[in-house]
Amino acid sequence: MSGDVTSEEETSVTDENGSTTGGDPLDGPVNKTSRLGRWWWMAGVAIAALVVVVLAPLASPDPDGLERVAEDQGFIDRAENFFSGLLGDYAIPGIDDPAVSTIVSGLMGVAIVLIIMFALGRLLARRRV
Amino acid sequence: MNLYSIVTAPLLGTGATPALHAADRFLSVPVSIAFWVVTAVVIAIAVRRTNRNLDERSVPLMGVMAAFIFAAQMFNFQVAGGTSGHLLGGVLAAVLLGPWAATLVMACVVAVQALVFSDGGLVVMGANIFNMGVIGTLGGFALYLALAKVLGGENRGRIPAAAVAGWVSVMAAALAMSLELIVSGTSPAEIVLPAMLGVHAFIGIGEALITAAALAFIATTRSDLLNLRPDRAAALPA
């Protein structure tokens with residue numbers, strides 16, 4: 001079972017046109033869409049990056065739901081963490097412009113979670129314990 | 001860049017309470033520990049189940065989902081009354097990856113937010129992962145499956161079912177957060193419950209719209225990704 005999956009993935013990766021004809025059980029509509037092949041993944045990462053670059057700096061400056069309630073109900077003074085994080089509050093030391101700081105830290109965060117999940121996913125998919 | 005500075009200056013210039021997720025002192029130590037225990041157990045089950053069922057073809061999707069949810073959580077959209085909200089993403093991740101792999105994605109996002117960006121505390125991280133992740137990936141997903149069945153199957157009912165489940169998952173997260181605050185003695189029930197549920201009824205609409213839009217995008221561009229989930233792959237003729 002896992003052998004099948006591996007070989008299938010390898011063909012679809014090596015094939016430029018992404019024409020995964022072989023064993024895909026969902027032939028009909030799938031062959032049409034999977035032409036997008038690996039480009040889709042790059043587009044997915046690009047969309048995440050675009051959200052950071054374009055939307056994150058334009059995020060509403062208003063407090064979010066929990067923060068709003070905390071302010072209104074007077075427990076916002078408890079908004080302290082025991083560990084201030086490596087890049088607390090999405091600020092990069094040495095970058096003054098808050099938008100640039102947000103974008104750089106956001107792109108770093110996107111890269112970090114992408115790498116962690118990809119690595120963890122590969123590990124969990126390959127080694128059955 | 002200048003435009004961005006002008007727009008964001010009111011937020012980032014003040015330096016006041018920029019943390020968005022629950023902070024360490026929001027919850028009492030016993031409540032924090034209890035939720036760490038529950039969350040740790042759920043993550044352990046998620047690791048085992050994912051290890052058993054994960055299709056290698058969904059590995060890139062796990063990475064992209066984590067990247068997208070992390071990015072989307074940085075974009076606070078405006079809701080009524082000087083309040084904003086952001087995506088949680090648990091239902092979206094679970095519809096595509098299944099509940100267990102989605103739980104790992106959500107835990108990863110919340111953990112990186114807390115460890116690297118101090119967005120949410122470490123002591124309350126168990127509660128944050130539970131509220132923003134597990135409630136959506138397990139509870140929200142179960143509701144999604146039930147609704148999709150009523151609507152005539154996932155292929156017909158996917159988007160409305162996911163939208164409703166997304167909204168409910170935000171309300172359930174707000175309810176859980178409220179109960180945690182009440183038990184911690186941070187805020188009394190008669191105050192925090194209506195306030196949290198009231199504002200999150202609007203934020204949940206954003207969750208529903210983003211979840212629906214993302215699934216519609218995937219259905220049009222890569223509909224095969226809708227069948228990677230272990231339970232769907234198993235149901236297909238081999």
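**Working through the model**

Modeller: This is a predicted model. A place to start is Arg232(B), which sits in helix α9 of chain B, residues 230-235.

Biologist: Is Arg232(B) buried or exposed?

Modeller: Arg232(B) counts as buried because its relative accessibility is 14%, and the cut-off for buried is under 20%.

Biologist: What does the side chain of Arg232(B) make a polar contact with?

Modeller: The side chain of Asn227(B), at 2.7 Å. The Arg232(B) side chain also reaches the backbone oxygen of Leu226(B), at 2.9 Å.

Biologist: And which residues is Arg232(B) in contact with, leaving aside neighbours within four places in sequence?

Modeller: With that exclusion, Arg232(B) is in contact with Glu154(B), Asn155(B), Arg158(B), Leu226(B) and Asn227(B).

Biologist: Change of topic. How many cavities of 30 Å³ or more does the structure hold?

Modeller: Three. The largest cavity has a volume of about 250 Å³.

Biologist: Which residues lie nearest the centre of the largest cavity?

Modeller: Leu66(A), His86(B), Leu88(B), Met132(B) and His200(B), out of a lining of 20 residues. The elements giving two or more residues to that lining are α4 (65-72) of chain A and, from chain B, β2 (83-85), α6 (125-150), α7 (154-183) and α8 (189-221).

Biologist: Which element gives the largest share of that lining?

Modeller: α7(B), with four residues.

Biologist: How do the lining residues divide into nonpolar, polar and charged?

Modeller: Eleven are nonpolar, eight are polar and one is charged.

Biologist: Now confidence. What ipTM and pTM does the predictor give the complex?

Modeller: An ipTM of 0.89 and a pTM of 0.85.

Biologist: And per chain, what is the mean pLDDT of chain A?

Modeller: Chain A has a mean pLDDT of 76, with 70% of its residues at 70 or more. Over residues 1-34 of chain A the pLDDT is below 50, and that stretch has 34 contacts in the model beyond near neighbours in sequence.

Biologist: Which element of chain A has the lowest mean pLDDT, and which the highest?

Modeller: Helix α1 of chain A (residues 2-14) has the lowest, at 39, and helix α5 of chain A (residues 98-126) has the highest, at 94.

Biologist: What about chain B?

Modeller: Chain B averages 90, and 91% of the residues score at least 70. Residues 1-19 of chain B have pLDDT below 50, with 33 contacts in the model beyond near neighbours in sequence.

Biologist: How should I read the coordinates where pLDDT is low?

Modeller: Where pLDDT is low, the predicted coordinates should not be read in detail.

Biologist: Fine. What does the secondary structure of chain A come to?

Modeller: Five helices and zero strands, so read along the sequence the pattern is α-α-α-α-α. Of the 129 residues in chain A, 36% are buried. Among chain A contacts with a separation of 6 or more, 35% are between residues 24 or more positions apart.

Biologist: I also picked out Val64(B). Where is its place?

Modeller: Val64(B) is in helix α3 of chain B, residues 59-73. Val64(B) is buried, because its relative accessible area is 7%.

Biologist: What does Val64(B) touch, not counting residues up to four places away in sequence?

Modeller: Trp41(A), Gly44(A), Val45(A) and Leu114(A). Within chain B, Val64(B) and Val105(B) are 41 residues apart in sequence, and their C-alpha atoms are 9.7 Å apart.

Biologist: Backbone next. What is the phi of Tyr90(A)?

Modeller: Positive, about 60 degrees, although Tyr90(A) is not a glycine. Tyr90(A) lies in the loop between α4 and α5 of chain A and is buried, with a relative accessible area of 12%.

Biologist: And the phi of Ser118(B), what is that near?

Modeller: Near 55 degrees, again a positive value in a residue other than glycine. Ser118(B) is in the loop between α5 (99-117) and α6 of chain B, and at 7% relative accessibility Ser118(B) counts as buried.

Biologist: Last one, Gly81(B). Buried or exposed?

Modeller: Exposed, with a relative accessible area of 65%. Gly81(B) lies in the loop between β1 (77-79) and β2 of chain B.

Key. Residues numbered from 1 in each chain as written. Chains lettered and ligands numbered in written order. Predicted model: local features only at pLDDT ≥ 70, side-chain atom pairs only at ≥ 80, totals over all residues. Heavy atoms only, no water. 1 Å grid on protein atoms, 1.4 Å probe; cavity = no way out; pocket = protein on both sides within 12 Å on 5 of 7 lines; lining within 4 Å. Points joined across faces, edges and corners; volume = space filled by probe spheres on them. Nonpolar A, V, L, I, M, F, W, Y, C, P; charged D, E, K, R; others polar. pLDDT = per-residue confidence, 0-100. Contact = heavy atoms within 4.5 Å. Buried < 20%, exposed > 50% of the residue type's maximum accessible area, 1.4 Å probe, protein only. Polar contact = N/O pair within 3.5 Å; in protein donor to acceptor, adjacent residues only side chain to side chain.
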